[in-house]
Amino acid sequence: MPQRHPVTALASIPPGSAQAFTVAGQRIAFFNVDGKIHAVDDTCPHAGAPLSDGRVQGCLVTCPWHAIRFDVTTGCMPGQAEKSLTVYPVFITGDQIEVEV
Ligand code: FES
């Protein structure tokens, strides 16, 4: 059953940036898109690059190894309906980020 886990302070992931954490054994990337935190798998499904090291433009992250792009708000590649990444529910409690895993 999924549980909420504290991750880090909200201020540690400013808008336009990303950071990855291991939560409940999962490597999860947290992206701040215009002040809202989104959490998806950090490991690119193509060949395993850390997506948190990718270039972030709006809601899109570009994988640092082969440049596939993912929408971090949906877990999908642009123009595709099928999810490529697991999207994790995020909660903000006070100034802390929590994620449900
Ligand atoms: S490892 Fe991400 S696009 Fe290849």
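Q: Before we start, when do two strands count as paired?
A: Two strands pair if DSSP finds at least two bridges between them. Strands themselves are DSSP runs (E, at least two residues), numbered from the N terminus.

Q: And what kind of model is this?
A: It's a predicted model, where local features need pLDDT of at least 70, side-chain atom pairs count only at pLDDT 80 or more, and totals for chains, interfaces and linings use all residues. Residues are numbered from 1 along each chain as its sequence is written.

Q: OK, how do strand 9 and strand 10 pair?
A: Strand 9 (residues 90–93) pairs with strand 10 in the antiparallel sense, over four bridges. I92 sits opposite I97 of strand 10.

Q: What's between those two strands?
A: Two residues, in a hairpin, and G94 in the turn has a positive phi of about 65°.

Q: Switching topic: which strand does strand 3 join through six bridges?
A: Strand 4, and the two run antiparallel. They form a hairpin too, with two residues between them, and D34 in that turn has a positive phi of about 55°.

Q: Who's the bridge partner of F30 in strand 4?
A: That's A39. F30 also touches V7, I13 and I97, among others (contact means C-beta atoms, placed from the backbone, within 7 Å).

Q: Why is strand 4 largely enclosed?
A: Because five of its six residues are buried. Buried means 20 or more other C-beta atoms lie within 10 Å of the residue's own, with C-beta atoms placed from the backbone.

Q: Does strand 4 join strand 8 by parallel or antiparallel bridges?
A: Antiparallel: two bridges join strand 4 to strand 8 (residues 87–88), and V40 stands opposite V87.

Terms used:
Contact = placed C-beta atoms within 7 Å. Buried ≥ 20, exposed ≤ 12 C-beta atoms within 10 Å, placed from the backbone. Lists of a residue's contacts leave out its neighbours within four places in sequence.
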